[in-house]
Amino acid sequence: MTTTRLVDESLFAADGDEPGHAGVPSLLGSRCDGCGTTTFPRQDTCPRCGGAAMAGTVLPRAGTIWSATVQHFAPKPPFRHDGEFVPFGMGYVDLGEVIVVTRFTESDPGRLAIGTPVSLCAVPAYTDGDGTAVVSYGFAVAAAGDEG
Amino acid sequence: MGHDVAIVGIGMSKFGRQPGVTGRQMAVGAVREACADAGVAWPDMQFAFGGSYSCGDADTLVSLLGLTGVPFINVYNGCGTGGSSLISAANAIKSGERDLGLVLGFDKHPPGAFNELPENVGLGSWYGETGFMVTTQFFATKIQRYLHEWDISSRALAMVAAKAYRNGALSQKAWRRTPVPAEEIARAPMVNDPLTKLMFCSPGEGAVALILASPERARRMTTAPVYLRSAELRSRRFGSFEVYSTWLSPDRVASVTTDASRAAFEAAGVEPSDVDVAQLQDTESGAEIMHMAETGLCAHGEQEKLLADGDTEIGGRIPVNTDGGVLANGEPIGASGLRQVHEIVLQLRGQAGGRQVPNHPTTGFTQVYGSPGISACTVLTR
């Protein structure tokens with residue numbers, strides 16, 4: 001059985017096993033106790049007010065596309081991928097309290113219109129030398145009836 | 001700034017690939033050209049500020065230029081290197097302690113020059129591993145959002161690039177000197193939607209040198225001085241959308257370009273509507289479009305009409321990037337900010353030859369933008 005690991009555990013909450021989460025934990029940001037600013041990923045100090053009281057905050061699993069593009073050429077290292085490069089969608093998703101960078105599972109620019117509802121999912125990133133499958137996060141265009 | 005800093009000499013190498021010519025050789029050539037232009041010699045320099053991203057320490061050039069003991073301060077500020085050098089030189093003159101000195105910027109980027117590591121910009125390796133460490137993504141996502149918000153079509157992107165290559169054809173030292181029709185630009189391979197290969201600049205090669213003087217010294221020299229009325233550098237404030245962002249605030253604020261340009265206009269006592277000729281950062285076509293409005297040269301959303309009406313052409317109401325900008329000259333980041341000033345000085349002197357803006361322009365403006373979210377702007381007048 002293939003072992004799996006997250007590309008960077010610090011990006012995620014510990015709720016991957018919750019029902020409906022399909023093994024993909026929610027994204028983990030931080031929120032400033034002083035001014036309410038939310039960042040992603042977590043950081044120790046607030047970039048808005050300079051305060052040091054930043055609490056971890058679980059981010060919403062659904063949002064809308066704020067902007068999107070398709071990556072048509074393979075980024076240079078440290079980008080890692082398996083096999084031939086396949087163009088991928090990327091951009092920013094509006095989660096309300098914060099807008100975060102993301103991969104999209106859709107790579108047709110015609111289906112990545114600004115405002116499209118999307119929900120959190122796992123995105124295969126690459127395979128380690130020892131065969132471990134490395135997983136990152138992404139957002140998929142929500143089918144009708146999805147609750148994310 | 002009043003009329004207290006003058007540009008009395010300018011020099012510029014060819015831009016674009018020059019096999020067998022080093023960045024340092026280009027720099028020395030530019031300095032010599034600027035000295036000849038000003039009617040001075042290197043030993044007359046009382047100070048120098050200069051820098052390069054890829055070509056090492058600028059101050060080591062004294063072994064080639066002349067070991068006079070001149071205080072030569074290296075500036076390492078990415079795309080802001082030229083602007084920062086200029087600001088430093090202007091401050092030396094405004095202080096009254098110096099009255100003649102050099103500003104220098106040069107670069108010769110090897111392939112893969114901007115292959116930044118996530119750690120260098122404070123990000124985890126995941127960001128690069130999963131494919132986000134690409135500056136073209138930033139420009140694409142920013143212009144996608146902008147086109148959507150201001151109802152501008154992607155046709156405008158091709159028109160900007162077509163203008164750049166047209167103007168490059170009129171600029172002897174430019175890199176890309178062949179006009180390319182807008183339709184061909186639009187049909188070129190897509191890099192990051194909506195931007196095709198021909199809408200992006202490439203990292204490049206080139207050197208620019210400027211000689212600054214006090215107004216009293218300038219009056220004793222034979223050239224027609226152009227006055228540096230302001231030079232302002234800013235970094236991003238919270239809420240702006242810059243390159244390598246893992247998140248954005250839902251509360252948008254004005255971009256760093258808006259902050260720097262506002263500061264430059266205010267310091268100079270000049271309005272955007274006074275500008276007769278402008279150089280704007282055109283890393284890709286969308287950048288020129290956004291920067292037109294961010295600097296206040298036009299309103300958001302007006303750009304497509306201005307382009308269609310030819311208002312930003314050399315003969316238009318507000319000529320932008322008369323020498324083809326970075327799209328046609330390439331992007332040697334140490335030099336580009338100074339190339340912009342060099343072109344404006346030529347225009348204000350009436351020495352721009354086949355790409356001269358008609359009717360004696362008297363007020364010019366330059367704006368650069370770069371990672372990690374900095375902008376430097378200048379106002380120049382006769």
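In chain A of this predicted model, the mean positions of the 9 positive and 17 negative charges are 6 Å apart, while those of the 32 positive and 39 negative charges of chain B are 5 Å apart. Lys and Arg count here as positive and Asp and Glu as negative, with His and the chain ends not counted, and each charge is placed at NZ of Lys, CZ of Arg, CG of Asp or CD of Glu. Local features need pLDDT of at least 70 and side-chain atom pairs count only at pLDDT 80 or more, whereas totals for chains, interfaces and linings use all residues. Residues are numbered from 1 along each chain as its sequence is written, chains are lettered from A and ligands numbered from 1 in the order in which they are written, and side-chain values use heavy atoms, with hydrogens and water left out.

Chain A has 0 helices and 9 strands, and its elements, read from the N terminus, run β-β-β-β-β-β-β-β-β. For chain B the secondary structure comes to 13 helices and 12 strands. Helices (H or I, at least four residues) and strands (E, at least two) are DSSP runs numbered from the N terminus.

Along the principal axes, the C-alpha atoms of chain A fill a box of roughly 45 × 35 × 35 Å, and the C-alpha trace of chain B spans about 55 × 50 × 40 Å.

The table lists burial and accessible surface by chain; buried means under 20% relative accessible area, exposed over 50%, and partly exposed in between (1.4 Å probe, protein chains only). Accessible areas come from the Shrake-Rupley method with a 1.4 Å probe, and for residues only the protein chains shown count as cover.

| Chain | Residues counted as buried | Accessible surface and share of carbon and sulfur atoms |
|---|---|---|
| Chain A | 47% of 148 residues | about 6900 Å², 51% |
| Chain B | 63% of 382 residues | about 13300 Å², 50% |

With contact meaning heavy atoms within 4.5 Å, residues 24 or more positions apart account for 50% of the contacts in chain A with a separation of 6 or more. In chain B, 75% of the contacts between residues at least 6 apart in sequence join residues at least 24 apart.

One residue of chain B, B:Thr366, lies in strand β11 (residues 363-370) and is buried, with a relative accessible area of 2%. Its side chain makes a polar contact of 2.6 Å with that of B:Thr378, a polar contact being a pair of N or O atoms within 3.5 Å, where within protein one must be able to donate a hydrogen and the other to accept it, and residues adjacent in sequence count only if both atoms are side-chain atoms. Leaving aside neighbours within four places in sequence, the contacts of B:Thr366 include B:Gln279, B:Val341, B:Ile344 and B:Leu380.

Several loops carry backbone features. The peptide bond from A:Phe40 to A:Pro41 is cis, with omega near 0 degrees, and A:Pro41 lies in the loop between β3 (38-39) and β4 (54-58) of chain A. Another cis peptide bond, with omega about 5 degrees, joins B:Asp193 and B:Pro194. B:Tyr244, not a glycine, has a positive phi of about 60 degrees and counts as buried at 12% relative accessibility, whereas B:His360, with phi near 50 degrees, counts as exposed at 72%.
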